[in-house]
Amino acid sequence: MSGWLYEQDLMVQKYHILIATRHDRILRTIASDVGIGVQELRKTLIERLDMILLENLPARYEAAIAADQKGDDLVALALGRYIFSTGIPLVRESRMDEILRTTKERLDRGTPRPEAIAAGKALIREAILQ
Amino acid sequence: MKRTVDVNIPLGPVHPCFKEPVRLKCETRGERVIGVEVELGYMKKGIERIMKGRPWQEVMFLAERVCGICSVIHNMVFIEAIERISGIDVPKRAAFLRVIANELDRMQSHLLANFSYCYTIEHETLAMYLLDVRELVMDELERLTGARVTCAYIIPGGVRCDIRAEDQATLRISLDRIESDLHRYAKMFETGPMIALRSKGIGILTQESARRSHAVGPTARGSGINVDMRTLHPTYQQLGFVPVVRKDCDNHARIMVRFDELFASIRIIRQCLDTLQKGIIRGGGICKAGEIRYSGEAPRGELTYTIKTDEFGRITDIQIQTPSIMNIEACCHEMIVGVDSIADVTSTFVSADPCIACTER
């Protein structure tokens, strides 16, 4: 009992939400940040989020940035912990904590910071596209 | 990811408790709601696209047609954004008249929201009382601006028309009546045991969840978040405005915040009438090229216009972020999830004062 009888395809409507000026600007920022193609990210968002969350994307993104900046964890800030786990819920919080821990371990082992952050972002990319 | 659910219950798009069409797809386990998906698209206007390329003189009328319930604030935020781009000053008398129009609009919107909630929990008597008070407010708005809904009262550099001395006196008499009636109705709501059964402890929106969804307006203030764009507005600052906040985080708190704000609006209007200075109501100025992101406090919360204009005063780009977008999102993904009965879904949804016209623009 989990299917809908009269379901309509919302893909086109969701796409139109995402190509609005502010949404598009934010989407492109995220895409270049984690290294995903814009269309691929659009497809992922359309498949995984509902219409109202897509409409609310800019506000949630800004709230998540503010939450990231409020904390004193610089690695979390660089990875965009709140952006991808709570702001735009594409990565589960437990998985995000795991990625954060792995990145910190890499830094502790002496890996240069840009390299460790890039590896963390690659893990986020993987989690988003899963 | 698909979850195992007992029953999927679609509410809407047409529902007796919803003012506008929207479809909520509720996933339930037993009576408990475990997830909600929102389906929009039943009344998309595409008004931002219509606005692009048009001169401000046309866009100011389009702006107040985004929403029929809070049209004055759309007019006000758009015009104040244009004024800030162009460096146009507003005469003091006009600034106070703007506040009076805005607060009357807030009052009728809050009364309609509380009416909807009472109607949804089937307290029709109180609902009709509130609707009766709203008519008084609408009459005052009409007396001040000349229209009930799309007033077009606020224009760059001032307001369209002045308030006469006899209208000021009538407004004061109406405010006295509204205030005395509202005291009775607010008490009825606050102390009603049956109302409490349907409202207290239901539709919990914690402060953390509200921040995550960027909830705004009475929805956020009912969760203890002290956020109100009026605190940043120069005229409201002059009036010493202090936001109303409650900390119970439930449906009851959100409705009570609106009742408290009704009394606050009455106080603000009286203050404006007491301190209204004599003088002109329309200055002058030329709309120039520029870009701005400007916010104002609509009855439902923070309303943001991001506008780009060219040297002829045409709108080349515009984005409107209405408060209902954030509040409906917070409502459906935080407040409704976890309610113990499907019967509470509609009342919780209505407690956030959702406006689909605003959301779909």
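Me: Before we start, what makes something a cavity here?

Reply: On a 1 Å grid over the protein atoms alone, a cavity is a set of points where a 1.4 Å probe fits but cannot get out, and lining residues have an atom within 4 Å of a point. Grid points are joined across faces, edges and corners, and a volume is the space filled by probe spheres set on the points. By this rule there are three cavities of 30 Å³ or more. This is a predicted model, in which local features need pLDDT of at least 70 and side-chain atom pairs count only at pLDDT 80 or more, while totals for chains, interfaces and linings use all residues. Residues are numbered from 1 along each chain as its sequence is written, chains are lettered from A in the order in which they are written, and side-chain values use heavy atoms, with hydrogens and water left out.

Me: Why is the contact between E55(A) and R361(B) called a salt bridge?

Reply: A salt bridge needs a side-chain nitrogen of Lys or Arg within 4 Å of a carboxyl oxygen of Asp or Glu. The side chains of E55(A) and R361(B) meet at 3.5 Å, N to O, so the pair qualifies. The rule finds three salt bridges across the interface of chain A and chain B.

Me: How do you know which residues of chain A and chain B are in contact?

Reply: Contact means heavy atoms within 4.5 Å, and by that test 26 residues of chain A are in contact with 35 residues of chain B. The area buried between the two chains (accessible area, 1.4 Å probe, lost on being put together and summed over both) is about 2,700 Å², and carbon and sulfur atoms give 50% of that.

Me: What lines the second largest cavity?

Reply: Both chains take part: R22(A), H23(A), E55(A) and P58(A) are in the lining, along with Q319(B), I320(B), Q321(B), I325(B) and R361(B). β8(B) gives the most to the lining, with three residues.

Me: And what makes the lining of the largest cavity count as seven nonpolar, one polar and two charged residues?

Reply: Ala, Val, Leu, Ile, Met, Phe, Trp, Tyr, Cys and Pro count as nonpolar, Asp, Glu, Lys and Arg as charged, and the others, Gly among them, as polar. K19(B) and E20(B) are in the lining, so they are the charged residues, and S116(B) is the polar one. About 80 Å³ of space lies in this cavity.

Methods:
On a 1 Å grid over the protein atoms alone, a cavity is a set of points where a 1.4 Å probe fits but cannot get out, and a pocket is an open set with protein on both sides within 12 Å along at least five of seven lines; lining residues have an atom within 4 Å of a point. Helices (H or I, at least four residues) and strands (E, at least two) are DSSP runs, numbered from the N terminus.
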